[in-house]
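I opened this notebook to keep track of what I looked up in one structure. The entries follow the order in which I checked things.

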Amino acid sequence: MTNLLVLDETKRHSELRAQVETVLEQVAPLVRETTRLELPSVVNFRLITPEQWQADSAADLSSHVQRFRTRKPRWQAPVINLIERVSLAKFHQVAPVLGGVLVMGATAAGPSDQSTTMLVPEALRHSGVLSRPEYLTQLIAHELTHHLQSLATRHREVWADEKASAIVRSGSIKFLEEGHAY
(Lines give C-alpha, C1' and ligand atoms only; values in the text may rest on other atoms or scores of the structure.)
Protein backbone atom coordinates (compact mmCIF):
# COMPACT_ATOMS: atom_id res chain seq x y z
CA MET A 1 0.00 0.00 0.00
CA THR A 2 1.28 3.42 -0.93
CA ASN A 3 1.11 6.30 1.51
CA LEU A 4 0.36 9.49 -0.46
CA LEU A 5 1.60 12.50 1.53
CA VAL A 6 0.86 16.08 0.54
CA LEU A 7 2.37 18.71 2.79
CA ASP A 8 1.45 22.40 2.68
CA GLU A 9 4.69 23.93 3.91
CA THR A 10 3.40 27.39 2.96
CA LYS A 11 0.58 27.01 5.54
CA ARG A 12 -1.63 29.02 3.14
CA HIS A 13 -2.92 26.53 0.58
CA SER A 14 -5.00 23.91 2.37
CA GLU A 15 -7.55 23.83 -0.48
CA LEU A 16 -4.82 23.15 -3.04
CA ARG A 17 -3.35 20.47 -0.73
CA ALA A 18 -6.74 18.74 -0.67
CA GLN A 19 -6.99 18.99 -4.48
CA VAL A 20 -3.55 17.44 -4.95
CA GLU A 21 -4.42 14.63 -2.52
CA THR A 22 -7.62 13.87 -4.42
CA VAL A 23 -5.86 13.86 -7.79
CA LEU A 24 -3.06 11.64 -6.44
CA GLU A 25 -5.56 9.11 -5.14
CA GLN A 26 -7.30 9.04 -8.53
CA VAL A 27 -4.22 8.85 -10.77
CA ALA A 28 -1.89 6.64 -8.72
CA PRO A 29 -3.48 3.33 -9.82
CA LEU A 30 -3.70 4.56 -13.42
CA VAL A 31 -0.06 5.67 -13.53
CA ARG A 32 1.01 2.32 -12.10
CA GLU A 33 -1.06 0.41 -14.65
CA THR A 34 0.06 2.56 -17.58
CA THR A 35 3.79 2.54 -16.79
CA ARG A 36 3.82 -1.02 -15.42
CA LEU A 37 6.11 0.29 -12.68
CA GLU A 38 5.55 -0.17 -8.96
CA LEU A 39 4.47 2.66 -6.72
CA PRO A 40 6.85 3.55 -3.89
CA SER A 41 5.68 2.87 -0.36
CA VAL A 42 5.64 6.64 0.27
CA VAL A 43 4.93 9.40 -2.26
CA ASN A 44 5.78 12.90 -1.07
CA PHE A 45 4.35 16.07 -2.63
CA ARG A 46 5.27 19.39 -1.03
CA LEU A 47 3.63 22.78 -1.55
CA ILE A 48 6.46 25.24 -1.00
CA THR A 49 7.38 28.89 -1.46
CA PRO A 50 9.53 30.15 -4.33
CA GLU A 51 12.37 30.71 -1.87
CA GLN A 52 12.18 27.13 -0.62
CA TRP A 53 12.12 25.91 -4.24
CA GLN A 54 15.34 27.83 -4.90
CA ALA A 55 17.09 26.40 -1.86
CA ASP A 56 15.92 22.82 -2.42
CA SER A 57 16.67 22.90 -6.16
CA ALA A 58 20.20 24.20 -5.53
CA ALA A 59 20.74 21.44 -2.94
CA ASP A 60 19.47 18.82 -5.39
CA LEU A 61 21.79 20.05 -8.13
CA SER A 62 24.72 20.00 -5.70
CA SER A 63 23.89 16.42 -4.69
CA HIS A 64 23.98 15.41 -8.37
CA VAL A 65 27.47 16.88 -8.65
CA GLN A 66 28.56 14.96 -5.53
CA ARG A 67 27.20 11.69 -6.97
CA PHE A 68 29.12 12.33 -10.18
CA ARG A 69 32.28 12.83 -8.10
CA THR A 70 31.91 9.47 -6.31
CA ARG A 71 31.58 7.47 -9.55
CA LYS A 72 34.37 7.18 -12.04
CA PRO A 73 33.04 6.15 -15.45
CA ARG A 74 35.43 6.96 -18.31
CA TRP A 75 33.36 9.86 -19.60
CA GLN A 76 32.84 11.46 -16.18
CA ALA A 77 35.64 14.05 -15.98
CA PRO A 78 34.35 16.30 -18.75
CA VAL A 79 30.80 16.00 -17.41
CA ILE A 80 31.85 17.06 -13.91
CA ASN A 81 33.77 20.02 -15.29
CA LEU A 82 30.81 21.08 -17.39
CA ILE A 83 28.39 20.79 -14.48
CA GLU A 84 30.64 22.70 -12.13
CA ARG A 85 31.52 25.47 -14.55
CA VAL A 86 28.19 25.90 -16.28
CA SER A 87 25.29 24.27 -14.47
CA LEU A 88 25.92 25.48 -10.94
CA ALA A 89 26.96 28.95 -12.08
CA LYS A 90 23.99 29.28 -14.43
CA PHE A 91 21.60 27.86 -11.86
CA HIS A 92 22.65 30.47 -9.31
CA GLN A 93 22.22 33.20 -11.95
CA VAL A 94 18.84 31.97 -13.18
CA ALA A 95 17.24 30.69 -9.95
CA PRO A 96 16.64 34.13 -8.42
CA VAL A 97 14.98 35.26 -11.65
CA LEU A 98 12.81 32.15 -11.96
CA GLY A 99 12.28 32.05 -8.24
CA GLY A 100 10.25 28.89 -8.56
CA VAL A 101 7.45 30.94 -10.09
CA LEU A 102 7.91 29.55 -13.59
CA VAL A 103 8.53 25.93 -12.59
CA MET A 104 5.24 24.07 -12.27
CA GLY A 105 6.60 20.94 -10.61
CA ALA A 106 9.92 19.25 -9.95
CA THR A 107 10.63 15.81 -8.57
CA ALA A 108 13.96 15.08 -6.91
CA ALA A 109 15.52 12.48 -4.64
CA GLY A 110 15.31 13.47 -1.00
CA PRO A 111 17.79 12.92 1.82
CA SER A 112 16.37 9.44 2.47
CA ASP A 113 16.55 8.59 -1.26
CA GLN A 114 12.79 8.86 -1.51
CA SER A 115 11.52 11.02 -4.32
CA THR A 116 9.78 14.25 -3.46
CA THR A 117 7.78 16.50 -5.75
CA MET A 118 7.97 20.22 -5.12
CA LEU A 119 5.04 22.36 -6.22
CA VAL A 120 5.01 26.15 -5.95
CA PRO A 121 1.40 27.33 -5.69
CA GLU A 122 2.23 30.73 -7.22
CA ALA A 123 3.80 28.98 -10.21
CA LEU A 124 0.74 26.80 -10.66
CA ARG A 125 -1.44 29.90 -10.66
CA HIS A 126 0.84 31.95 -12.97
CA SER A 127 1.22 29.11 -15.47
CA GLY A 128 -2.53 28.46 -15.65
CA VAL A 129 -2.35 24.95 -14.16
CA LEU A 130 -5.01 25.87 -11.61
CA SER A 131 -7.36 27.26 -14.26
CA ARG A 132 -8.65 23.81 -15.27
CA PRO A 133 -8.75 20.57 -13.26
CA GLU A 134 -7.31 18.51 -16.13
CA TYR A 135 -4.13 20.62 -16.14
CA LEU A 136 -3.47 19.85 -12.48
CA THR A 137 -4.26 16.17 -13.10
CA GLN A 138 -1.75 16.03 -15.96
CA LEU A 139 0.96 17.67 -13.87
CA ILE A 140 0.38 15.38 -10.88
CA ALA A 141 0.37 12.24 -13.06
CA HIS A 142 3.56 13.39 -14.82
CA GLU A 143 5.43 14.08 -11.58
CA LEU A 144 4.14 10.85 -10.03
CA THR A 145 5.68 8.96 -12.95
CA HIS A 146 9.07 10.31 -11.88
CA HIS A 147 8.54 8.73 -8.44
CA LEU A 148 7.96 5.36 -10.11
CA GLN A 149 10.99 5.84 -12.35
CA SER A 150 13.14 6.61 -9.32
CA LEU A 151 11.97 3.47 -7.52
CA ALA A 152 12.46 1.34 -10.65
CA THR A 153 16.10 2.46 -10.89
CA ARG A 154 16.53 2.05 -7.13
CA HIS A 155 17.10 5.79 -6.69
CA ARG A 156 20.19 5.92 -8.87
CA GLU A 157 20.60 7.78 -12.08
CA VAL A 158 20.07 5.80 -15.25
CA TRP A 159 23.30 7.25 -16.59
CA ALA A 160 25.40 5.54 -13.88
CA ASP A 161 25.58 2.57 -16.25
CA GLU A 162 28.48 2.68 -18.74
CA LYS A 163 26.12 1.33 -21.42
CA ALA A 164 24.05 4.49 -21.12
CA SER A 165 27.00 6.83 -21.70
CA ALA A 166 26.14 7.32 -25.39
CA ILE A 167 22.68 8.52 -24.37
CA VAL A 168 24.20 10.83 -21.79
CA ARG A 169 26.81 12.27 -24.15
CA SER A 170 24.11 13.01 -26.69
CA GLY A 171 22.13 14.90 -24.04
CA SER A 172 19.14 12.62 -24.53
CA ILE A 173 18.70 11.16 -21.04
CA LYS A 174 16.35 13.89 -19.81
CA PHE A 175 14.25 13.52 -22.96
CA LEU A 176 14.07 9.76 -22.33
CA GLU A 177 12.90 10.29 -18.74
CA GLU A 178 10.50 13.09 -19.61
CA GLY A 179 9.15 11.26 -22.66
CA HIS A 180 8.33 8.25 -20.51
CA ALA A 181 6.61 10.51 -17.99
CA TYR A 182 4.55 12.12 -20.75
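The entries below go from the whole chain to single residues.

**Entry 1: overall layout**

I noted at the start that this is a predicted model. I then looked up the secondary structure and found 7 helices and 4 strands in the chain. Along the sequence I read the pattern β-α-β-α-α-β-β-α-α-α-α.

I looked up burial next: 43% of the 182 residues count as buried. The chain exposes about 10,600 Å², and carbon and sulfur atoms supply 57% of that area. For contacts between residues at least 6 apart in sequence, I found that 71% join residues at least 24 apart.

**Entry 2: helix α1**

I went to helix α1, which covers residues 14-35 and has 22 residues. From its first C-alpha to its last, α1 reaches 30 Å, close to the 32 Å expected at 1.5 Å a residue. I also looked for a bend and found one of about 35° at V27, with a proline, P29, following within four residues.

I listed the buried residues of α1: L16, V20, V23, L24, V27, A28, V31 and T35. After α1 comes R36, and I noted that its phi is positive, near 60°.

**Entry 3: nonpolar cores**

I asked which residues of the largest nonpolar core touch the most other members. Of its 22 residues, they are V20, L24, V27, F45, L119, I140 and L144. I saw that α1, β2 (42-47) and α5 (133-152) each supply at least two residues of this core. The most comes from α1, which gives 7 residues.

I took L144 as an example and looked up its contacts. Leaving out residues up to four places away in sequence, L144 touches L24, V27, A28, V31, L39, V43 and F45.

**Entry 4: salt bridges**

I counted salt bridges next, and the structure holds 6 of them. R46 forms one with E9, where the closest N and O atoms are 2.6 Å apart. This pair links distant parts of the chain, with R46 in strand β2 and E9 in the loop between β1 (3-8) and α1, 37 residues apart.

Is R46 buried or exposed? R46 counts as buried because its relative accessibility is 14%, and the cut-off for buried is under 20%. E9 has a relative accessible area of 36%, so I put E9 down as partly exposed. I also noted that E9, R46 and D56 are linked in a network of salt bridges.

E122 forms a salt bridge with R12, with the closest N and O atoms 3.6 Å apart. Here E122 lies in helix α4 (residues 121-126) and R12 in the loop between β1 and α1, 110 residues apart. R12 is exposed, with a relative accessible area of 54%.

I found another salt bridge between the side chains of R32 and E38, at 3.0 Å from N to O. Both ends are partly exposed: R32 has a relative accessible area of 36%, and E38 is at 48% relative accessibility.

**Entry 5: T116**

I finished with T116, which lies in strand β4 (residues 115-119). T116 counts as buried because its relative accessibility is 14%. Not counting residues up to four places away in sequence, I found that T116 touches N44, R46, A106, T107, A108 and H147.

Definitions and conventions:
Residues are numbered from 1 along each chain as its sequence is written. This is a predicted model: local features need pLDDT of at least 70, side-chain atom pairs count only at pLDDT 80 or more; totals for chains, interfaces and linings use all residues. Side-chain values use heavy atoms; hydrogens and water are left out. Buried means under 20% relative accessible area, exposed over 50%, partly exposed in between (1.4 Å probe, protein chains only). Contact means heavy atoms within 4.5 Å. Accessible areas come from the Shrake-Rupley method with a 1.4 Å probe; for residues, only the protein chains shown count as cover. The expected span of a helix is 1.5 Å times one less than its number of residues. The bend at a residue is the angle between axes fitted to the seven residues ending there and the seven starting there. A nonpolar core is a set of buried Ala, Val, Leu, Ile, Met, Phe, Trp, Tyr and Cys residues joined through side-chain atoms within 4.5 Å. A salt bridge is a side-chain nitrogen of Lys or Arg within 4 Å of a carboxyl oxygen of Asp or Glu.
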